[in-house]
Amino acid sequence: MILEVRDMYTSYGLSQILFGISLHVYERECVALLGRNGVGKTTTLRSIMGLTPPHQGQVRYKARDITGMPAYRVARLGVGFVPEDRRIFPGLTVRENLDVARKPPVSTGSMVWTLERVYAIFPVLARLEARKGGHLSGGEQQMLTIGRTLMGNPDLLLLDEPSEGLAPLVVRDLEQRIQQLKEEGVTILLCEQNAKFALALSDRAYVLEKGQVRFTGTIAALQANTAVRQHYLGL
Ligand SMILES: Nc1ncnc2c1ncn2[C@@H]1O[C@H](COP(=O)(O)OP(=O)(O)O)[C@@H](O)[C@H]1O
Ligand SMILES: [Mg+2]
């Protein structure tokens, strides 16, 4: 098991957002964290990452307690966080954006991400290598954000709503790119409102509502559960 969250409670000031979230991710899995807008998906990732530390519960990463550890240290341990807002450097070229994100891997023996390997997953980035980040489309920026994070050689990738705001055709392309990442052995925890997109990519899912896990199981079990799909996912 690479990540284990146990009974996690998180608040922003006085407003309690997460009420006892438990979840786990195994190496090489893609696990979906689903639910409508505002249920606590981003807060869960921020809690894991140490950006909004939980006030109760535990986060274990590679069997180590990282609860409340500052985000830069969590990142150094090999957790790559791709936030919703696609933080690329608009004034740097695609290639420069990737170059500055380069970081050696934490675990010895794990494969090392190079420009060539990132370009192999996202060919569009190779074509636009010299373009400024600020001049990319939304889909291209999303791919660059993921590519940047890969250059840091994470052992676990936290993806927050990668499909958000992208046109259907772009989402389909992104789905294939992430599928390829998965085949390369990257472990992913994927937050999505777009359940269709996430279900196509994931091995298992957690469905949240009001800061609690309401369903957990395989994608097949979720597909078969009409009540959960309709009630929590609108599918
Ligand atoms: N910085 C914040 N301060 C106070 N409340 C917040 C903050 N960020 C998010 N929230 C609230 O927390 C709840 C969960 O938000 P979030 O984790 O972003 O949900 P999701 O990612 O599932 O859409 C929402 O009700 C949202 O309004
Ligand atoms: Mg969110």
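So, the shell around ligand 1: helix α1 gives the most to it, with 3 residues. Keep in mind that this is a predicted model, where local features need pLDDT of at least 70, side-chain atom pairs count only at pLDDT 80 or more, and totals for chains, interfaces and linings use all residues. Residues are numbered from 1 along each chain as its sequence is written, while chains are lettered from A and ligands numbered from 1 in the order in which they are written.

Who is in that shell? The residues around ligand 1 include Tyr12, Ser15, Ile17, Gly35, Asn37 and Lys41; a residue is near a molecule if its C-beta atom, placed from the backbone, lies within 6 Å of it. Both β2 (15-25) and α1 (41-49) supply at least two residues each. Helices here are DSSP runs of H or I with at least four residues, strands are runs of E with at least two, and numbering starts at the N terminus.

By class, the shell has 7 polar, 3 nonpolar and 1 charged residues. We count Ala, Val, Leu, Ile, Met, Phe, Trp, Tyr, Cys and Pro as nonpolar, Asp, Glu, Lys and Arg as charged, and the others, Gly among them, as polar.

Now, on to the backbone. Most residues other than glycine have a negative phi. Asp7, in strand β1 (residues 3-12), has a positive phi near 50°. Asn153, in the loop between α6 (138-151) and β7 (156-160), also has a positive phi, near 50°.

Buried or exposed, then, for Asn153? Asn153 counts as buried because it has 20 C-beta neighbours inside 10 Å. Asp7 has 13, so Asp7 is partly exposed. The cut-offs are 20 or more other C-beta atoms within 10 Å for buried, 12 or fewer for exposed, and partly exposed in between.
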